[in-house]
2 protein chains.
Amino acid sequence: MSGEEAPARQQQEPAEEKTENPPTEEPPSEAAQEGEPSPAEEPADEPLAAATPDKAPVAPEEEVFSYRALFLTGYGGYDKVKLQMKKGKPSLKSAEVLVRVKACGLNFAELLGRQGLYELLPSPPVTPGMECSGVIEALGEEVTDRKVGDRVLVLSRHGLWQEVVVVPASQTFIMPESMSFEEAAALPINYLTAYIMLFEMANVRAGQSILIHMAAGGVGIAATQLCQLLEDVTVFGTASASKHETIGQGGVTHPIDYRTRDYAEEIRKISPKGLDVVLDPLGGSDTQKAFSLLKPMGTLIVFGAANCVTGQKKNLLAVAKTWYNQFTINTLRLMHANKAVCGFHLGYLSDEEELITQTMTRLLELYTQGKIKPRIDSTYHFEQVGDAMRRMHERNNIGKVILLPEPKKEEEKPESNPEPAETEDKEEEENEENKTETSTEEVKREEN
Amino acid sequence: MSGEEAPARQQQEPAEEKTENPPTEEPPSEAAQEGEPSPAEEPADEPLAAATPDKAPVAPEEEVFSYRALFLTGYGGYDKVKLQMKKGKPSLKSAEVLVRVKACGLNFAELLGRQGLYELLPSPPVTPGMECSGVIEALGEEVTDRKVGDRVLVLSRHGLWQEVVVVPASQTFIMPESMSFEEAAALPINYLTAYIMLFEMANVRAGQSILIHMAAGGVGIAATQLCQLLEDVTVFGTASASKHETIGQGGVTHPIDYRTRDYAEEIRKISPKGLDVVLDPLGGSDTQKAFSLLKPMGTLIVFGAANCVTGQKKNLLAVAKTWYNQFTINTLRLMHANKAVCGFHLGYLSDEEELITQTMTRLLELYTQGKIKPRIDSTYHFEQVGDAMRRMHERNNIGKVILLPEPKKEEEKPESNPEPAETEDKEEEENEENKTETSTEEVKREEN
């Protein structure tokens with residue numbers, strides 16, 4: 001659930017596709033406290049309904065400070081994430097820093113969260129966002145190892161999709177000089193997930209073989225790059241055919257189009273003895289397939305249940321089916337197979353500060369050495385968050401989808417509130433400017 | 001099931017204790033083929049019932065060659081393992097060697113096998129025995145990397161409890177010069193099990209913490225020694241109080257008397273955050289305890305179901321209870337916990353020749369460097385196999401129980417067939433000579 005990309009399910013509710021969040025104008029402001037949204041009234045279902053400013057406990061001298069923030073206003077489709085203004089400069093605790101955000105990462109956890117399927121995200125209204133990059137603008141009294149102007153990447157459980165965030169300094173990491181803000185926002189969740197799974201849990205070694213599902217997604221690309229640190233690792237990667245050239249260049253030895261072939265059969269043809277490691281972000285019946293693909297002494301790591309997600313809104317049938325097919329194993333079977341089954345969820349590891357810090361430090365070293373480099377699929381402004389989510393949901397991305405707090409340029413903005421259909425066309429054209437377009441045709445996965 | 005020691009259950013059928021296998025005289029011979037017993041008639045329940053020699057296809061010139069072999073004649077108590085004579089020199093295939101056996105290891109798998117609970121042992125009549133040491137007496141035509149007179153240790157699925165064995169040369173390993181035959185017979189199963197679990201599956205690292213159940217057993221002592229290869233590993237070891245001094249000297253940081261205390265509570269007092277690794281040879285409800293003792297990113301390895309075994313004979317209730325309490329986990333729970341659950345069973349790894357050979361080579365290096373040294377608990381002659389099994393079953397051993405093919409000296413042997421009770425006393429006295437006696441009082445484990 002942490003950092004994986006959306007599954008390539010056919011949209012179950014095609015009608016929903018048309019109800020995109022229309023473009024919005026700057027909304028009235030809402031009070032903010034310490035970088036986390038205050039538990040404001042549930043915004044109305046109209047886009048960017050205003051909270052009443054007079055309810056907010058903001059000191060008069062701070063009224064001038066306002067910033068853009070995305071809010072999840074309720075569970076459902078793309079239109080549930082709305083852009084709002086927060087007012088009032090957040091106060092800093094002694095160990096915290098205030099960061100002006102330049103770029104944010106979009107993760108599959110946020111797609112789940114929007115559907116009400118991510119239990120670590122507090123109830124709406126809430127600002128999502130687990131990773132971002134930016135520049136430090138203010139320091140708490142006790143912070144000595146950061147300074148104003150430092151370019152940092154930031155990790156948090158949620159709350160980072162806003163122009164200004166206040167976080168403990170320990171959750172920030174100094175960016176290498178050569179790193180762009182987009183790369184910095186793309187790195188933390190995907191690479192921490194991939195690195196800890198590969199080298200802490202699975203202990204992948206030279207000469208081994210691995211299956212990486214959704215190999216064109218953020219975690220998939222991170223894991224593929226990290227496998228290149230070892231000699232002679234054979235990487236099987238599932239992705240739709242249009243992405244095979246790109247992931248092949250990135251290090252996938254055997255790209256497999258799971259839409260037209262049974263990936264398990266394909267793998268057995270090439271590696272009849274099975275695989276050393278399978279990373280499984282899918283859940284459901286794919287986990288069973290993964291287990292059976294392991295050779296003795298092999299390791300399966302389940303780190304998601306992407307099969308739960310089909311349409312734009314929560315699909316109870318898909319959830320139930322994934323749950324019903326959920327892999328359950330007893331220890332006798334594990335013994336007879338000499339296999340390991342692990343679960344990984346970065347969200348539940350947030351207390352393990354030492355592990356996170358160590359791993360982030362290692363990842364930034366690897367970046368500086370040129371051994372890893374996040375691949376940016378596309379960038380979207382905050383007001384385009386619905387399009388960004390749809391791109392990931394429909395699995396059209398190759399690499400990371402990035403959100404930018406800065407407003408779209410005025411000339412790009414519709415001056416009035418146009419027809420929704422027209423807006424969509426307009427937005428899609430705009431999006432062409434900064435994303436790699438791939439086929440949006442989706443074929444339902446063949447698993448039962 | 002591979003290499004672990006018996007649990008300290010109270011005997012459920014104390015009456016059975018009295019029906020020991022009385023000492024025996026050399027029995028009439030039985031034909032043997034290629035080091036494996038031929039599927040002879042089921043021996044009668046009298047000790048050492050003779051197979052009819054005239055049925056055996058033995059060439060006349062080989063009639064003079066005879067050797068002692070232990071047979072499991074049926075499922076049940078200690079008396080089901082009987083000493084018999086085999087006649088006829090086994091023929092050698094081109095890649096095989098003939099080894100004169102000097103010492104054999106007793107493993108928990110053989111206790112399970114005698115009860116009909118070890119599925120890898122063929123049906124009786126069959127010669128058990130998965131490890132031994134000895135001297136090469138003959139070579140197949142193709143064997144070039146061994147020579148007559150080589151001292152070797154031998155691994156096999158079964159069939160090694162006899163004076164002479166014929167095995168593929170690839171299943172033999174040259175003994176270091178300083179290694180005794182007893183040590184060589186004690187090393188393979190226990191140290192392979194411990195090494196592969198610790199360093200291939202769990203990837204134990206410096207500074208970590210580990211729980212080793214049955215820390216005074218063969219695998220327990222091996223695992224404790226292997227943990228000393230790393231800096232600053234905290235070893236929790238369960239054993240009865242009388243063994244604490246010994247296992248403490250061997251490297252157990254915190255010995256815990258599981259008979260008088262709840263080991264999970266004791267561990268939580270010392271390590272409130274939990275453990276990095278638990279090795280679980282017990283199964284049943286102890287596996288659940290083990291899982292809950294892990295810290296995030298921790299690894300549980302289940303490698304036995306010793307809780308299945310209570311009395312001398314198969315206890316259906318214990319089997320059912322262990323089965324009922326068997327740990328079953330779904331992937332969602334694993335994800336939320338960030339934990340790994342592995343199964344290990346050396347018997348099912350026997351096709352992984354490369355892993356086995358690599359690991360054995362490493363273990364023999366470590367022995368030569370003085371970093372590991374098998375601890376011999378006691379030695380028993382073949383005719384005392386029932387006593388040897390009882391010692392392990394009642395968990396009175398600290399380290400390895402060894403079987404010696406050579407006959408007991410004549411003066412130790414009763415001349416006639418004495419009363420069973422008298423024999424038992426005699427045997428117990430004899431056993432005092434070569435074993436470390438510890439309290440035989442058994443307290444039922446408190447788990448439900």
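**Charges over rings**

I started in chain B, where B:K289 lies over the face of B:Y263, 4.6 Å from the ring centre. To count a charge as over a ring, I needed NZ of Lys or CZ of Arg within 6 Å of the ring centre and within 35 degrees of the ring normal. I then found B:K339 over the face of B:F291, also listed at 4.6 Å from the ring centre.

**Ground rules**

I am reading a predicted model, where local features need pLDDT of at least 70 and side-chain atom pairs count only at pLDDT 80 or more, while totals for chains, interfaces and linings use all residues. Residues are numbered from 1 along each chain as its sequence is written, chains are lettered from A and ligands numbered from 1 in the order written, and side-chain values use heavy atoms, leaving out hydrogens and water.

**Aromatic pairs**

I found four aromatic pairs over all chains. One of them joins A:F65 and A:Y67, edge-to-face, at 5.8 Å centre to centre with 65° between the planes. Rings of Phe, Tyr and Trp (its six-membered ring) pair if their centres lie within 6.5 Å; planes under 30 degrees apart are stacked, over 60 edge-to-face, and the rest tilted.

Are these two residues buried or exposed? A:F65 is buried at 14% relative accessibility, and A:Y67 is buried at 0%. Buried means under 20% relative accessible area, exposed over 50%, and partly exposed in between (1.4 Å probe, protein chains only).

**Chain A and its strands**

I looked up chain A and got 12 helices and 18 strands. These are DSSP runs numbered from the N terminus: helices are H or I with at least four residues, strands E with at least two. Of the 448 residues in chain A, 62% are buried.

Next I followed strand 6 (residues 131-139) of chain A: seven of its nine residues are buried, so the rest of the structure largely encloses it. Strand 6 of chain A pairs antiparallel with strand 5 (residues 96-105) over seven bridges, and A:V101 has A:G134 as its bridge partner. Strand 6 of chain A also pairs antiparallel with strand 7 (residues 151-155), over five bridges, and there A:V135 stands opposite A:R151. Pairing takes at least two DSSP bridges between the strands.

**The two copies**

What rotation superposes chain B on chain A? I noted 180°, with 0.0 Å of shift along the axis and an RMSD of 0.0 Å. That is the relation of a two-fold axis.

Definitions and conventions. Copies are superposed by least squares on the C-alpha atoms of residues with pLDDT of at least 70 in both.
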